[in-house]
Amino acid sequence: MEIFDKFTRPMRDLRLSVIDACNFRCLYCMPPEREYDFFKKDEKLSVNEAIRLSEIFIKLGVRRIRLTGGEPLLRQDLDQIIAGVAKIPALEDLSLTTNASLLADKAQMLKDSGVKRLTISLDALDPKLFKTMSGNRSSVEQVIQGIDAALDCGFQNTKLNCVIEKGLNESQIIPLTEFARERKLKLRFIEFMDVGNCNQWNLEKVVPSDEVKSIIADKWPLTELEANFFGEVATSHQFEDGKGEVGFISSVTKAFCKDCTRARISSDGKLYTCLFCARGTDLLSLMRQDHTDQEIANTIKDVWEKRTNRYSEERMDALQSPRQHDIVEMFKMGG
Ligand code: SAM
Ligand code: SF4
Ligand code: SF4
């Protein structure tokens, strides 16, 4: 079965957040000077609830699931969630996004439980800048150990995500590209986005992908590649010397809402149809009120079929006036 929204976009991908807490305080996500409240244990999806929702989404056409957070590796029973989701027939891809600070100890567990691919966030190789950007948590050495552990246990197609913020970490573009090329990782530069309400975003702080691309292409010439599948968010480029690929996720300068096939579930079991939503649909309560799978599937179908979100395409107009209401923070919704 496949379901389509108002713009005939199918629901194919699910970002499933397993936790909202994080051990980092990245400036663009959870600025360190703030206090944060996190969901209590009984407010979060249990292992069985996370697996049950995944099964329902897969019956509705989802083929790829990405586990995220907050920092997913902080969740103690993560292996059980992964094992349960990984064995659902018809699931084609199970991936996980992490800051990698705990990956050195957990890479093997992720592999053994059934994660197929990893995406690792890394914004700076310079140790001091790394500390600044992660809110003075962990260290770049620890993250690199995590990356190497993942490669050692045989993870393939590992990606590195990097957010460049103007005046902060442009100096890292070349060193990170070099690092990724050496380790055969696919580096993807993500434009700094106005998600959440607390990261002091403004358009001036966005470094457009084209700028990053030309810095890289000056040193290593690039050729643009075709998309691998409908709904792929990154535009991929091949290094002409054959040493891998680099990608650009240009949510601000080249919005890709028209291909957006992603649903999101927060760790408190709410369904969101866009990163810029102010409210979600409470699926956890439905499960705890003994609704059947079919009833929950009908709710999801109903929400998706009414979906008209295209915030990134509307951003420039939206920026003309102050936001009417807060949107959900990315660490709460699942990035
Ligand atoms: N904690 C994990 C991590 O950082 O990899 C997973 C969750 S995090 C919210 C997922 C991704 O969102 C990270 O790659 C992070 O860089 C990205 N992200 C967070 N805030 C962002 C922002 N304001 N603009 C662009 N990307 C952002
Ligand atoms: Fe944590 Fe990831 Fe947000 Fe950084 S981007 S604060 S690691 S959830
Ligand atoms: Fe999808 Fe919303 Fe992002 Fe557009 S703004 S690509 S609809 S999540």
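Me: Which residues have the most contacts inside the largest nonpolar core, and how many residues does that core have?

Reply: Quick heads-up: this is a predicted model, where local features need pLDDT of at least 70, side-chain atom pairs count only at pLDDT 80 or more, and totals for chains, interfaces and linings use all residues. Residues are numbered from 1 along each chain as its sequence is written, chains are lettered from A and ligands numbered from 1 in the order in which they are written, and side-chain values use heavy atoms, with hydrogens and water left out. Now, the core: it has 106 residues, and Phe57, Ile65, Leu110, Leu122, Phe189 and Ile216 have the most contacts inside it. The biggest giver is helix α1 (residues 47-59), with seven residues.

Me: What makes a set of residues a nonpolar core?

Reply: They must be buried Ala, Val, Leu, Ile, Met, Phe, Trp, Tyr or Cys residues, joined through side-chain atoms within 4.5 Å.

Me: Why is Gln172 called buried?

Reply: Buried means under 20% relative accessible area (exposed is over 50%, partly exposed in between, with a 1.4 Å probe and protein chains only). Gln172 has 6%, so buried it is. You'll find Gln172 in the loop between β5 (159-164) and α6 (173-183); helices (H or I, at least four residues) and strands (E, at least two) are DSSP runs, numbered from the N terminus.

Me: What is Gln172 in contact with, leaving aside its neighbours within four places in sequence?

Reply: Contact means heavy atoms within 4.5 Å, and on that test Gln172 touches Asp123, Ala124, Leu125, Asp126 and Leu129. Its side chain also reaches the backbone nitrogen of Leu125 at 2.8 Å.

Me: And which residues of α6 are buried?

Reply: Ile173, Leu176, Thr177, Phe179, Ala180 and Arg181. The buried residues of α6 pack against α5 (140-152), β5, β6 (186-191), α7 (209-219) and β8 (235-239).

Me: How do you know that the buried residues of α10 line one face?

Reply: In α10 (residues 311-318), Tyr311, Ser312 and Arg315 are buried. Seen down the axis, they fall within an arc of 80°, so they line one face of the helix. That arc is taken from the directions from the helix axis to the C-beta atoms.

Me: What surrounds ligand 2?

Reply: Cys22, Phe24, Cys26, Tyr28, Cys29, Met30, Gly70 and Asn99, each with a heavy atom within 4 Å of the ligand. That shell divides into six nonpolar, two polar and no charged residues.

How values were computed. A polar contact is a pair of N or O atoms within 3.5 Å; within protein, one must be able to donate a hydrogen and the other to accept it, and residues adjacent in sequence count only if both atoms are side-chain atoms. Ala, Val, Leu, Ile, Met, Phe, Trp, Tyr, Cys and Pro count as nonpolar, Asp, Glu, Lys and Arg as charged, and the others, Gly among them, as polar.
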